[in-house]
Amino acid sequence: MGMTMTQKILAAHAGLDSVVPGQLIKAKLDMVLGNDITSPVAIKEFDKVGLNSVFDINKIAIVPDHFTPNKDIKSAEQVKICREFSKRMGIVNFFEVGQMGVEHALLPEKGLVVPGDVIIGADSHTCTYGALGAFSTGIGSTDMAAGMATGEAWFKVPEAIKFILKGKPRKWVGGKDVILHIIGMIGVDGALYKSMEFIGDGAHALSMDDRFTMANMAIEAGAKNGIFEVDEKTKQYVEEHSVRSYTVYKADEDAEYSEVFEIDLAAIKSTVAFPHLPENARTIDNVGDIKIDQVIIGSCTNGRIEDMRIAAEVLKGRKVHADVRCIIIPATQKIWKQAMNEGLFDIFIDAGAAISTPTCGPCLGGHMGILAKGERAVSTTNRNFVGRMGHPESEVYLASPAIAAASAIAGKIAGPDQL
Amino acid sequence: MNAKGKVIKYGNNVDTDVIIPARYLTTSDPAELASHCMEDLDEKFISKVQKGDVMVAGRNFGCGSSREHAPIAIKASGISCVIAETFARIFYRNSINIGLPIIECAEAAQDIKDGDEVEIDFDKGFITNLTSGKTYQGQPFPEFMQKIISADGLINFIKSSL
């Protein structure tokens with residue numbers, strides 16, 4: 001039987017010629033990641049093993065990005081645990097404020113993850129690196145601890161769902177709309193325990209930033225990982241960002257899939273996920289009249305340079321609505337500098353938006369834009385669960401940077417064409 | 001190993017943000033996490049949960065964030081076992097890794113009602129509803145996972161194999 005991309009990567013890292021869905025394997029890890037929330041728990045568990053060193057000081061990344069710059073004393077203590085552990089172990093890829101960025105934008109940018117890798121991260125959105133043709137999945141703190149100790153992790157080989165993407169998205173429609181459309185179609189557990197494999201000329205037409213956005217939200221369909229086929233765009237991205245060598249895996253012609261979907265990208269409209277699940281997808285022409293209080297443009301889902309450019313294109317020469325706070329958070333220092341040098345900050349500030357240093361902050365209701373009771377936000381982040389951005393009676397509407405920026409101006413959920 | 005207790009029941013897609021909201025993730029102390037467990041979904045959970053109680057839920061339990069604080073909070077609240085139709089995969093891994101007993105059984109999860117008294121035999125994967133008298137066969141763990149569970153979590157399992 002043929003293998004999917006994911007199955008081939010897992011087989012190679014388990015030292016096996018082939019694997020089948022359901023098989024339990026132990027795979028070698030190319031990268032183990034943690035953040036300021038999950039790493040302290042992992043460090044506590046790691047210390048219980050009683051080792052004086054980690055498996056490889058170059059293959060661990062600790063990125064304090066969630067509650068940083070430290071929002072209070074307790075978060076400062078958590079980051080201190082990460083910092084001291086990284087120093088004690090000699091971990092090369094610890095990123096202090098100043099170098100730090102939102103982890104899933106930072107690792108590809110730093111060239112730490114490349115096609116064919118097996119990556120685990122104590123953060124559910126670790127699936128982002130599937131955009132590069134890697135097997136990348138979220139795990140918890142104890143798995144991170146075990147990974148740091150042994151350089152290995154156990155996996156159940158997943159089945160896969162194939163998404164054949166065709167055509168090109170229309171103006172103002174991007175990766176976010178495509179993935180919200182897919183989650184709306186299959187549901188928040190539609191890909192539970194499975195891989196989502198994205199192929200086809202439509203996938204190749206998408207930019208790397210769009211692919212990162214889509215792979216990032218595979219977890220919101222319950223998937224173990226999301227993965228794109230490597231093409232010239234992937235190779236160019238990796239060669240621009242990394243010095244590491246890499247391996248390209250392509251699915252076999254006779255690979256088996258539990259389901260196959262064909263999606264015409266040209267038919268997808270701008271899509272918004274209503275509270276309180278990412279599967280509550282509605283097209284922009286069906287949103288009704290929803291007044292909003294806040295807009296967030298940023299996060300591991302949509303805080304990259306293309307997202308900043310789209311937001312600027314919409315905000316240029318316009319003013320944020322008087323009843324809306326618009327907060328823009330470029331995901332890394334590099335993106336920040338690039339946005340600044342391209343003059344995007346002038347556009348944002350002239351429009352009345354606030355620009356923040358990189359942080360996950362508001363996405364998970366940490367800091368830098370918390371909602372009060374009854375408030376509503378349009379956000380380019382990835383989750384709209386109850387209480388996700390603040391008060392349990394607040395609401396989050398997930399959307400693309402184009403919709404978020406247009407909504408900031410309109411004071412209600414709107415697309416750029418409605419301005 | 002057995003567990004016996006009164007059922008506290010929830011619906012589908014109980015996410016880790018409601019199990020333990022991110023605003024409390026500045027600590028990893030189990031007792032402190034437990035004091036806020038489920039509060040955005042059910043404010044009364046913490047005052048009503050008794051040691052040994054069983055949590056029963058629908059599909060995709062524990063979806064969302066990878067925070068291990070979620071199973072830690074449930075375990076520290078006194079819950080002896082979670083029965084669900086299905087579990088989100090990171091939550092499933094985390095529960096095994098930290099030693100929170102969980103069982104996947106769609107029929108039991110649908111049938112069992114809030115307030116029922118249930119008993120679980122983990123070795124056999126049997127669930128008995130003492131209130132209705134009905135029994136169910138839960139999904140047994142693969143042998144590999146049983147080894148992790150009997151070693152009392154992944155870290156002890158690794159220590160013993162180093």
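Ser299(A) sits in helix 10 (residues 299-302) of chain A, where helices (H or I, at least four residues) and strands (E, at least two) are DSSP runs numbered from the N terminus. Phi of Ser299(A) comes out near 90 degrees, a positive value in a residue other than glycine. The model is predicted, so to speak of a local feature takes pLDDT of at least 70, and side-chain atom pairs count only at pLDDT 80 or more, while totals for chains, interfaces and linings use all residues. Residues are numbered from 1 along each chain as its sequence is written, chains are lettered from A and ligands numbered from 1 in the order in which they are written, and side-chain values use heavy atoms, with hydrogens and water left out.

Two cis peptide bonds in chain A are worth a look. One runs from Thr68(A) to Pro69(A), with omega near -15 degrees; Pro69(A) lies in the loop between strand 3 (60-63) and helix 3 (73-89) of chain A. Another joins Pro275(A) and His276(A), with omega about -5 degrees, and His276(A) belongs to the loop between strand 12 (271-273) and strand 13 (281-283) of chain A.

Now to helix packing within chain A. Helix 8 (residues 208-216) and helix 9 (residues 232-241) of chain A pack at an angle of about 95 degrees, with their axes 10 Å apart. Axes here are lines fitted to C-alpha atoms, for helices over the stretch in contact, and angles run from 0 to 180 degrees between N-to-C directions. That makes helix 8 of chain A roughly perpendicular to helix 9 of chain A (angles under 35 degrees count as roughly parallel, over 145 as roughly antiparallel, 65 to 115 as roughly perpendicular and the rest as oblique). Met208(A), Arg211(A) and Phe212(A) of helix 8 of chain A make the contact with Lys233(A), Thr234(A) and Tyr237(A) of helix 9 of chain A, contact meaning heavy atoms within 4.5 Å. These residues divide into three nonpolar, one polar and two charged; Ala, Val, Leu, Ile, Met, Phe, Trp, Tyr, Cys and Pro count as nonpolar, Asp, Glu, Lys and Arg as charged, and the others, Gly among them, as polar.

Arg211(A) also pairs up with Asp231(A), their side chains meeting in a salt bridge (2.8 Å, N to O), defined as a side-chain nitrogen of Lys or Arg within 4 Å of a carboxyl oxygen of Asp or Glu. This pair links distant parts of the chain, 20 residues apart: Asp231(A) is in the loop between strand 10 (225-228) and helix 9 of chain A, and Arg211(A) is in helix 8 of chain A. Over all chains, the whole structure holds 32 salt bridges.

Helix 11 (residues 305-315) and helix 13 (residues 344-351) of chain A cross at roughly 45 degrees, their axes coming within 9 Å. That makes helix 11 of chain A oblique to helix 13 of chain A. From helix 11 of chain A, Ile305(A), Met308(A), Arg309(A), Ala311(A), Ala312(A) and Leu315(A) meet Leu344(A), Ile347(A), Phe348(A) and Ala351(A) in helix 13 of chain A. By class, this contact has nine nonpolar, no polar and one charged residues.

Between the chains, the contact takes 47 residues from chain A and 42 residues from chain B. Together they bury about 3800 Å², 60% of it on carbon and sulfur atoms, buried area being the accessible area (1.4 Å probe) that two parts lose on being put together, summed over both. In chain B, Thr26(B), Arg89(B) and Arg93(B) lose the most area to chain A, together 21% of what that side buries. The count between the two chains is four salt bridges. Asp143(A) and Arg93(B) meet through their side chains in a salt bridge (2.7 Å, N to O).

Helix 5 (residues 141-150) of chain A and helix 8 (residues 154-161) of chain B cross at roughly 20 degrees, with axes that come within 9 Å. The two helices are therefore roughly parallel to each other.
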